[in-house]
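Dear colleague,

Please find below the structure that I am handing over to you. The findings follow directly after it.

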Amino acid sequence: MDTGPKSDAELMTAVAGGRMAAMGELVHRHQASVMAVAYRFVDRWDLAEDVAQDVFVRIHRAAADYRPEAKFTTWLYRIVVNLCLDVKRRESRRPVSMGEMPADPPADAPPDPIEARETAGRVRQAVGDLPDRQRTAVVLHRYDGLSHREIAEVTGWSESAVESLLVRGYAGLRDALADMNEIDRRETA
Amino acid sequence: MNHPTELELIEWAAGRLEPERARAVHAHVAVCEACARTAAAQRDTWDALGNWTVTPPACDLWPAVEAQLEGISAPARAGRPSWPRTVFRAAASILLAAAVGHVVGRWVRSRVGKPAVAVAFVESLHLESLGGESAVGLSTALQTLVPDDLKEDAR
C-alpha cells in the first residue's frame, strides 16, 4: 500500500535505524537547496559541493540525536550555515591566487541578457560585501524565506540580534544598490 | 503619527507582514514622505536581490556521500574487535586456564598422595633417602641438624 512520500522526520528515524536507502532519499530531496544556500555563502560551486557533502555526512552521524519535534530544515540549515562560516574563515586566511576567482554560474544555466547578468553580478557583490553576520541573516531571510525566529534558531543568535542584523544588512544593501535602483526607476518612469 | 519601524518596512516590502498591520503601514506610507522613500527604496532593493538566482549544477551527491559514510564505518566492520568482545575473550581465557589448572592439580595429587610441588622439590634435592614422617620427608631427618632453640619455634 502506497502511503505517499515519507516525511523528513520519518526518514531520519529510518537513518537512525541504519537504513542507508533513507539517507539516500534525504540527500536527493535536499541536495539542490543545500548547494544553493551554501553557494550564496561561499560563492563557489566547488566549495558549495564540498559543504553539501559534509552536511549530509554530519546528518548521518547525528541521526541518533535528532528529535522529530525539531523542524528538520531548521536543523539542516544550522549545519549548512556553520560549515559555510567555517569555510569562509578558512578561505579568508588563505592567500588567493589569480586563478581562483569566484566561479561563474554553471554552464548549463539558461543564457541571460547581458544586463541581467550584470545586475546579478552587482547584487552578488553587494551581498558578498556585507559583514558575515549581516550576510547570513539577509541570505536566510531573502533567499530561504526564514522568519526572524527561524533565523535565530538556525544561527543561535537572539531574535533581537537577528532583527538588528536585518535592519543593518538591508540598509547597507539599499546604499550599495541605490544607483542601480535609481536607473531602474528612471527607465520605468 | 506612528511611523512603522524600519523592520516593519522591510517585512512590508517582502509581503510578510500580518494583513492587518500591512494595511496600516500601507495607509501610513501613502501620507508620510519619509516613510514612503524608505519603503520604496526597500522594495526596489528587495526586487533587485531577486535578480541573483542560483541554479546548482546537475549532480547527484549521494554516491560521494555514501562512499564517505562507508569509509567512516568500514574500519569498525573489518575485524577490528570492539572492546567488550576483547574483555569477554580475556576473561574467558583466564577462567579456562584456572579451571584446567585446578583439574590437573587434583589429578596429580590423587595419583601421588603428596603435594606435587613438594615431591618434585624432594627429588631434586635427592633427600628421599633420609625418610621422615612429615609431608616433605624432611623434618625427622633434619632434627639432628636443627639447634635446640629453633626446634621450639618449629613446633
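The crossing of helices H3(A) and H4(A) is right-handed. Please bear in mind throughout that this is a predicted model.

I begin with this helix pair. The axes of H3(A) and helix H4 of chain A, residues 72-93, come within 10 Å and cross at roughly 135°. Since angles over 145 degrees would count as roughly antiparallel and 65 to 115 as roughly perpendicular, H3(A) and H4(A) are therefore oblique to each other. On the side of H3(A), the residues that meet H4(A) are A:Leu47, A:Val51, A:Asp54, A:Val55, A:Arg58 and A:Ile59. Their counterparts in H4(A) are A:Ile79, A:Val80, A:Leu83, A:Cys84 and A:Val87. By type, the residues of this contact comprise 9 nonpolar and 2 charged, with no polar ones.

A:Val51 deserves a separate remark. Apart from neighbours within four places in sequence, A:Val51 is in contact with A:Val80, A:Leu83, A:Cys84 and A:Val87, and also with A:Ala38 and A:Val42. A:Val51 also belongs to the largest nonpolar core, which has 58 residues. Together with A:Ala38, A:Ala48, A:Ala52 and A:Val80, A:Val51 is among the members that touch the most others in that core. The element that gives the most to this core is H2(A), with 11 residues.

Among contacts in chain A with a separation of 6 or more, 66% are between residues 24 or more positions apart.

Chain B has 8 helices and 0 strands. Buried residues account for 12% of its 155 residues. For contacts in chain B between residues at least 6 apart in sequence, 31% join residues at least 24 apart.

Lastly, I come to the interface.

With kind regards

Key. Residues numbered from 1 in each chain as written. Chains lettered and ligands numbered in written order. Predicted model: local features only at pLDDT ≥ 70, side-chain atom pairs only at ≥ 80, totals over all residues. Core = buried A, V, L, I, M, F, W, Y, C linked by C-beta atoms within 7 Å. Buried ≥ 20, exposed ≤ 12 C-beta atoms within 10 Å, placed from the backbone. Helix = DSSP H or I, 4+ residues; strand = E, 2+ residues; numbered from the N terminus. Contact = placed C-beta atoms within 7 Å. Axes fitted to C-alpha atoms, helices over the stretch in contact; angles between N-to-C directions. Parallel < 35°, antiparallel > 145°, perpendicular 65-115°, else oblique. Left-handed = near helix turned anticlockwise from the far one by under 90°. Nonpolar A, V, L, I, M, F, W, Y, C, P; charged D, E, K, R; others polar.
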